[in-house]
Structures are given as C-alpha cells and as structure tokens.
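Thanks for coming. Please have a look at it first.

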Amino acid sequence: MKFSQATDYALHAMMFLMSQAPDKPVGVQLLADKLGVSQTYLSKMLSKLVKAGLIGSVSGANGGYRLKAHYERISFLDVIHAIEGTASIFECGLSHGEDCAIQKVVMDAEQQMERYLSDKKIIDVARQRAL
C-alpha cells in the first residue's frame, strides 16, 4: 500500500506539534522549515487536519496551528483519513458483485491494517521518540 507524500508530511507535522506545548500555536513557516517542505503545500495539508478536527488554527501575529484538547486519542488512521479520505484501496473491476474472492481477501487485509493504524496513537510514538 502506498500513501501520498501529503500523508507523510501530515504525520510528521502532527509528530512535531505533539513535541511542542499543546496550548502554544506553531507558525506554518516554522513547521515548514522543520519539515523541509513548502509553506504553501504544508498549509493545504494543515487545512485538511483542521477541517477533520485534529488540530486548531489561531489567527494573528502569534497565530499558527496547535493540537486540540483530545490530541492523545489521535491515531495514525485519523490523519491518513483526513488527508487521503476513506475510499478502499482495492475494488474489483470485474462484474462479480460482492462474491469476488479476491476482493474479500484484500478487504480483510485492509480492515486488519486499519485496525492496527487506528490502535496506534501518534502521541505514543512521539513520546517514544522523545526518550
């Protein structure tokens, strides 16, 4: 399975935000510099994370992005869905309907992966990295 570069950047941005004080906004320029990405490109991803309710944005001179109160519960899957959407990775193109044995195998694998990514919280990985 392959996720877009946007998802990679979004996951790294979330890791960085979790290493900062939760109530202190981080400017998009600082975040872009830390990640080595374009501020414009990063802003588009951060907007998707705001829309998904994973982070908040603060306007003004001291504005930026910060974690929401429930940040301890944010999973890898939450971020992936915010950036990539929730479409299935595989869909049988033939006319078998729901009886396609190949699609059943792939869908089962996808469900197992989603359970794993849902159980894996970003804060846990951020804390391990800080040790």
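Keep in mind that this is a predicted model. Helix 1, residues 5-18, packs against helix 4, residues 76-84, with the two axes 9 Å apart and an angle of about 135 degrees between them. That angle makes helix 1 oblique to helix 4. The crossing of these two helices is right-handed.

Which residues of helix 1 and helix 4 make the contact? From helix 1 there are Ala6, Thr7, Ala10, Leu11 and Met14, and from helix 4 there are Phe76, Val79, Ile80, Ile83 and Glu84. Sorted by class, that contact has eight nonpolar residues, one polar and one charged.

Now some context. The protein has six helices and two strands. In sequence order the pattern is α-α-α-β-β-α-α-α. As for overall dimensions, the C-alpha atoms fill a box of roughly 55 × 30 × 25 Å along the principal axes.

Back to helix 4, and on to another partner. Helix 3, residues 39-51, crosses helix 4 at roughly 115 degrees, and their axes come within 9 Å. This crossing, helix 3 passing helix 4, is right-handed. On the helix 3 side the contact is made by Met45, Lys48 and Leu49, and on the helix 4 side by Val79, Ala82 and Ile83. The classes here are five nonpolar, no polar and one charged.

Next is helix 5. Its axis and that of helix 4 come within 5 Å and cross at roughly 115 degrees. That makes helix 4 roughly perpendicular to helix 5. Who meets whom in helix 4 and helix 5? Phe76, Leu77, Ile80 and His81 of helix 4 meet Glu114, Leu117 and Ser118 of helix 5. By class, this contact divides into four nonpolar, two polar and one charged.

Last, the empty space. Rolling a probe the size of a water molecule over the atoms shows where such space is left. The largest pocket holds about 170 Å³. How many residues line the largest pocket? There are 15, and those nearest the centre are Phe3, Ile80, Gly85, Ala87 and Ile89. Helix 4 and helix 5, residues 101-119, each supply at least two residues of the lining. By class, the lining has eight nonpolar, three polar and four charged residues.

How values were computed
Residues numbered from 1 in each chain as written. Predicted model: local features only at pLDDT ≥ 70, side-chain atom pairs only at ≥ 80, totals over all residues. Heavy atoms only, no water. Axes fitted to C-alpha atoms, helices over the stretch in contact; angles between N-to-C directions. Helix = DSSP H or I, 4+ residues; strand = E, 2+ residues; numbered from the N terminus. Parallel < 35°, antiparallel > 145°, perpendicular 65-115°, else oblique. Left-handed = near helix turned anticlockwise from the far one by under 90°. Contact = heavy atoms within 4.5 Å. Nonpolar A, V, L, I, M, F, W, Y, C, P; charged D, E, K, R; others polar. 1 Å grid on protein atoms, 1.4 Å probe; cavity = no way out; pocket = protein on both sides within 12 Å on 5 of 7 lines; lining within 4 Å. Points joined across faces, edges and corners; volume = space filled by probe spheres on them.
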